[in-house]
Amino acid sequence: MKLRKQVTVCGGAIFCVAVFSLYLMLDRVQHDPARRQSGGNFPRSQISVLQNRIEQLEQLLEENHQIISHIKDSVMELTDTGAVSPSGHLPFRSANGSWVLPFDGRPTFLAIKPQDCQFAGLFSFKPNLSMPFMMLDVYSLLKFDNPDGGVWKQGFDITYEPDEWDNEPLQVFVIPHSHNDPGWIKTFDKYFADQTQHILNNMVVKLAEDSRRKFIWSEISFFSKWWESADAQKQEATRKLILGGQLEIVTGGWVMTDEANVHYFAMIDQLIEGHQWLERNIGITPRSGWAVDPFGHSATMPYLLKKANLTSMLIQRVHYTIKKHFASTRSLEFMWRQAWDTGANTDMFCHMMPFYSYDVPHTCGPDPKICCQFDFKRLPGGRINCPWKVPPKSIVEANVAERAQLLLDQYRKKSKLYRSKVLLVPLGDDFRYDKALEWDQQYNNYQKLFDYMNSHPEMHVQAQFGTLSDYFSAVYKASAVPEGARPTDFPVLSGDFFAYADREDHYWTGYFTSRPFYKSLDRVLESHLRGAEILYSLAVSNARHSGMEGRYPVSDYALLVDARRSVGLFQHHDAITGTAKENVVIDYGTKLLRALIGLKRVIINAAHFLVMKNKEFYRFYQTEPFLETDDRRATQDSLPQRTLIELDPAGPRYVVLFNPVEQERLCAVTVLVNTVRVRVLTEDGQTVPVQLSAQWSSARKEAISSLYFTATFMARLPPLGLAVFHLYDSADSPMTLRSDTLLRLPGHGVTARAEDPLPVRSLQADGQTFYISSQAVTLGFSGTTGLLESIRRRDDPQEVKVQVQFMIYGTRPSKDKSGAYLFLPDGKAKPYSQKESPVVRVVEGPLFSEVVAHYQHFEQTIRIHNVPGVDGLSMEITTTVDIRDQTNKELAMRLDTDIQSGDIFYTDLNGFQIQPRRRHPKLPLQANFYPMPSQAYIQDSLYRLTLHTAQSLGVTSLENGQLEVILDRRLMQDDNRGLGQGLKDNKKTVNRFRLLLEHRGLGNKMMDTGVTSFPSILSHMTNSILNHEVLVLPVLPKRRGVPSLQTFAPFKSSLPCDMHLVNLRSIQNQTPSQHTAFIIHRLGLDCELEAQNMAFNCTTTQGQLNISGLFKNLDIHLLQPMSLTLMHSGTPLANDSSISLEPMEISAFKLKLR
C-alpha cells in the first residue's frame, strides 16, 4: 500500500514536471538570448527566425521527453527492487541482494542528434574525388615473401633509358641533416655537451662560408638550449641563415615524436611548445615535416601537421615490403587523407623514403655499396668506414667525371621510383657534422660533383644542396600546382604504417609495451598538465576579473613551462618507447617527477584561489600551502601513496575535489583516513553515502592496517570544476556502511577473523563460479582462479563470456631474440601457472564491489561502482605487475569471449581515432600486434567489448573473440638495434583499464565496413574518466580556522557532450600573456550502440558552440581562429559568435578572458 502511494506521488510529480517544463520552454524560446543562433553573414528573414524557433522548441521537447523517461526509469527501479528501507535510512540492501542508494534527485537526459552520429562505413565520397586506397587492403594484397632483390636487397633491380631526362633534366636536392636524439645512449644533457652544441656552433660558421650550402634542423629541445647559451652575434647570424633560406627548421616540434605510444594531447603540446619558441625567438613558421626515425607512422601526424599549416611531410621507417610495393607502383609520394574525411580537406602531401635507412649508404640510390663511397666522413683515416669494403675517394679533377657518373646513375635509379623528375637525397645520420672537418669533407666534395654535373648539359641533371622545403617547392612547381596541393595523378592513401619491420621477421612491436611504468607515469603527467593549464588559465582570468592579479602567484607559469618541456621531451621516439639506456631512463623519470611535483603545486595554488568564497581573504604564502596534494611519490620509480586525511573529533576536515573532465561527473571517490568513524557532507550540509574498507598491504589477513582505512563516497562534480566536501570524525552515521570482506583461501585450516574495526570472513575456495553485482552489471568469477569469467548487463538476459587469462611469452632460442624494440616470441603464449592456488579477496558494499586475485607475479583487482551513469557502466581493472625475478618472459592479459569478431579488431591511433585491423595468418604472430594508446575493441552484430587503457601497451586479437594485451616484458639481451642493453630495469607497475560491454540497439545490426569506426559517446566518456581521475586535495588544518569555501563551476552552460576541451593553455611570452589558447576537438560518434543513462545532461549541437556563453563570471574580449600551434591567425570573430566544428575536427582559438 505504502509502495503504491509512493508510485502515485511520483507519477503525479512527473505530470507536474512535464506541464511546468513545457511552460518554461515556451518562455525560454521567447526570452533567452543564449538560445538564439549567431547571425553569420546573411540577413535573416522572419521565416528563418520562425524556423529556428520551431527547431529550438523541438529540441526542448526532446530534452523534456528524456527527463520524463529517466524519472520514470528511476521510479521503476525503486518499484522493481522493492526498495522500501526497513529502518527508513538509505543506503540499504534490498531483498534481491542489491544495494539501493539515495535517489540522486537530478534527472538527466541524453539527446544526440542523428546528424551528430558518424555511422561507420556509411561514408559517401564526393564525386570528382579520387577514392583513397586503404593500407588495410594493401596488407591483404601483398605476399610478404621477401625475395632477394639484388643490390637493393629488399627491393628489385631498377633500370632506365639513357634519354629519359633529355626533355626534362633531373633536379637533385641533396639535403644535409643531423639526427639528434634528445636522449638514447646518452642523456639529453650529455648529448648536448658532447655533440649537439658543436654541430650547431659549426653550422653557423660553415654555412656562412658559402651561400650555396644548406642544412636542416628538427629538434627544438636541443636548438633552444643552444640558443640560450649563444651570444647575440651568433643568434643574429642564425636568424640570417634561416631568413636567407640556407637553414630550415623542419617540423619544429620540441622533439621528433614517437607516433605509436603517444597521445594526441602530448603530440599537439610538444608541437605548440616548439612552434611558440620559434615564433618568439626567431619569428619563423615551419612549412615541412621531417620524421626519419619514429618506428612506424600514424595517420594522426599528417592531420596535426596540416592543422598547424604545414604543407608537406616526409616519413622513413615503414615495413620493407610496403616500401617495395609503393616503389614498384611509384606511389612513394601520395596525399595522405584521414579515413573519415569524405572530401579532401585533410589531404597532406607525403614523401616516403624508399630504402632501409636514413643514413648515407641508403639514401643516394638503391646500391649501398656505391652510396657509401659518397659519405665523405668515411674517407680513409677516419673513425668509421664502409662495411662494403670500398672506401670513398676525395673528389679531384682526375676522378670527378667517373665519380659524378657513378653517383648520377644512383640518382637516376632512385628517381625512377617517383612520379616527378625532382629527387630528394638526404645527406646525414645520427649526430653528424659535430666536427668542422666533416663539414668540409661533405660540402667541398659534393660541391665539386655538383659543379661538374651542372656544367655538362649532356648529363641532363641540375644538382645542388637544398632544404626540405626547397625540394617540395620544386615538386609542386614541376607539377604546376600550388604548395600542398595534389599533383595530377598522384595517389591518395588512408591508413597508417604499423607494424614496422626493417628486415626478415624482425617486427618492432615490443616497444609498444617496453617499460610500461614510464608509459603510465607519462599519462599521469599529461592529465596533470592539462588540469594545471586549465585551472591556471581560469584562476589568472578570474584574478584579473576581480582586480587581484597582483596577489595571485603568476610565477607558477614557470612551473607550467618546465612541465610542458619535460612532457614534450618524453614524447621523443626513444623515451616513451622504452628504448633508451637505463641511466637515460632514470634521467627522464627524474625530469617527469620534478614536473609532476610542480604541476601539483600549480593545481593546488589555482584551486585555493578559485574555491575562496570571499576573495578578499585570499592570501598566498609560498611556504604555507593552503591545500595538500592528492598523493606523493618518494622517487621517480616508485608508485604513488595516497595522502592521509587525519580526522579529529574537534572539527571537520575539508577536501576540494577537482574534476578534470569537461562534463558533470557523478562518481565514487576514495580517500585514506585514520578512523572508521567517518561522516561526509556536501558543501550545503547533505550527508552522502560512505563505504568504509580496510587498507591491505598484501593478500594475508594480517596485512590489514589497523591505523588507516579507505572511505569511498559518492560525489557529483561540476565540469572542470572544484567541489568542497566536509569530513567529520563522528559516531556512526546510517549513511556510512562497512564493506563486507570475504577471503577465499586455498587449502584447509580456514579461520574467520571477526574482530573490529572491519571484520573479515574467510572460507575455503571451491571451483564454483561466484558473482558480484551493481545496478548496471553482474560479473561472474572462477572459483578456482578468482579471475573474471562472464558479464551480464542488467538490461540483458544474456550472459556474455568474458574470460580473463594470463599468458607468458618466451623469446626464441636462435641468435635473434626479443629486446627493447623487437618482439620475437618462441611461439604461441603459454598459460601462466603457479604452484599454489591464489588468495582471492571479495569485497562488497553499497558503493563498490571488487574481486582481488593475488598471484606471485601480479595482483588483479576488478571493481564495479554501484553509481548511476558512466562510472557504474564499466568495470575498473587494476593489474599490479612485478616480473623482476623472470628471465626473457613477457606477461600478457588475454580476454577470451564468445563475441564473433572473426579476424577483425580495432585499435586507436594516439587516442584520437580508431583504426580497423585485420589478423593475417600469413604474417608471423608478432606482426599482428599494434599500439594501444587508449583503447581496443572487438565486436559482432550484438555486442562491442572495449578495453580502455590508462597507459599505452601492445595489443592484438589472435583468435576469434579474443583481445590480448602485453603488460610487461623482461628481456636479458640487446636486439641489435643500437641500444646495447636488454630490458632488465623493470619496476613494480600498475596497469589501469576499464572494460566496457555495449549492446547494439535493436535494428542496428549493421557492422562497420572496415574503413572507419568510432567509439560511442559512453565509450568516449569512459576513456575520459579513466585517463582524468578526480584529484582529492585536502585543506590543511589552520590554527585560525579555515575561511569559507565554495564550489567553483567555470561553465555557465555545459559543453556539448561530443566536444572535448583538449586544452586551455596560457600563451607563452616572457610572462603569461593575457591570451589563452582554447583547443577543442569534436568527437566522432557511433550511435548504433544502445544509449545509456550517463548521469549528466548530454546533448549535441551539430558542431555549434557559443564560447561567449560558456564561461561564468568572465567576459570574452577576443575570439580569434588560429592554426593548431597558434602561429597563423584568422580574422577575429565577433565576441558573441558561435564557432562550428566538423566531426573529428580539432580547432584552436585565441581567447582574451577577463
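A disulfide is taken here as a pair of cysteine sulfur atoms within 2.5 Å. The structure holds four disulfides, and one of them joins cysteine 117 to cysteine 1087 with an S to S distance of 1.9 Å. The model is predicted, with local features requiring pLDDT of at least 70 and side-chain atom pairs counted only at pLDDT 80 or more, whereas totals for chains, interfaces and linings use all residues. Residues are numbered from 1 along each chain as its sequence is written, and side-chain values use heavy atoms, with hydrogens and water left out.

**Disulfides**

- The link of cysteine 117 and cysteine 1087 is left-handed, with -90° about the S-S bond. The pair links distant parts of the chain, 970 residues apart: cysteine 117 lies in the loop between strand E3 (110-111) and strand E4 (133-134), and cysteine 1087 in the loop between E47 and strand E48 (1098-1099). Helices (H or I, at least four residues) and strands (E, at least two) are DSSP runs, numbered from the N terminus.
- Cysteine 117 is buried, at 9% relative accessible area, while cysteine 1087 is partly exposed at 23% relative accessibility. Buried means under 20% relative accessible area, exposed over 50%, and partly exposed in between, for a 1.4 Å probe and protein chains only.
- Cysteine 364 and cysteine 371 are joined with an S to S distance of 2.0 Å. This disulfide is left-handed, because the torsion about the S-S bond of cysteine 364 and cysteine 371 is about -90°. Cysteine 364 is buried at 2% relative accessibility, and cysteine 371 is buried with a relative accessible area of 0%.
- A further disulfide connects cysteine 1057 and cysteine 1098, with an S to S distance of 1.9 Å. The torsion about the S-S bond of cysteine 1057 and cysteine 1098 is about 70°, so this link is right-handed. It too joins distant parts of the chain, 41 residues apart: cysteine 1057 is in the loop between strand E45 (1031-1034) and E46, and cysteine 1098 is in strand E48. Both cysteine 1057 and cysteine 1098 are buried.
- With the bonded cysteines numbered in sequence order, the pairing is 1-7, 2-3, 4-5, 6-8.

**The four-stranded sheet**

- An open, antiparallel sheet is formed by four strands in the order E46-E47-E52-E50. Strand E46 (1059-1066) and strand E50 (1116-1122) are its edge strands, each pairing on one side only. Two strands count as paired if DSSP finds at least two bridges between them.
- Neighbouring strands of this sheet are turned by 25° against each other on average, direction ignored. Axes are lines fitted to C-alpha atoms, for helices over the stretch in contact, and angles run from 0 to 180 degrees between N-to-C directions.
- E50 pairs with strand E52 (residues 1146-1153) in the antiparallel sense over six bridges. Methionine 1122 stands opposite alanine 1148 in E52.
- Helix H7 (residues 264-281) packs on the sheet, where it touches E46, strand E47 (1075-1082) and E52. The direction of H7 makes about 30° with that of E46. Contact means heavy atoms within 4.5 Å.

**Enclosed elements**

- Helix H5 (residues 220-229) is largely enclosed by the rest of the structure, because seven of its ten residues are buried. Among the buried residues of H5 are Phe222, Phe223, Trp226 and Trp227.
- The buried residues of H5 pack against elements including helix H4 (188-208), helix H6 (232-243), H7 and helix H15 (557-570).
- E38 is likewise largely enclosed by the rest of the structure, because five of its six residues are buried. Strand E37 (residues 904-909) and E38 pair in the antiparallel sense over six bridges, and the bridge partner of threonine 907 is glutamine 915 in E38.
- The hairpin of E37 and E38 has three residues between the strands, and asparagine 910 takes a positive phi near 60° in this hairpin.

**Cavities**

- The structure holds 14 cavities of 30 Å³ or more. On a 1 Å grid over the protein atoms alone, a cavity is a set of points where a 1.4 Å probe fits but cannot get out, and lining residues have an atom within 4 Å of a point.
- The largest cavity contains about 460 Å³ of space. A volume is the space filled by probe spheres set on the points, which are joined across faces, edges and corners.
- The lining of the largest cavity comprises 31 residues, of which His263, Tyr264, Gly911, Asn1023 and His1060 lie nearest its centre.
- The elements giving two or more residues to this lining are H7, helix H14 (516-545), strand E38 (913-918), helix H18 (1017-1027) and E46. H18 gives the most, with five residues.

How values were computed
1 Å grid on protein atoms, 1.4 Å probe; cavity = no way out; pocket = protein on both sides within 12 Å on 5 of 7 lines; lining within 4 Å.
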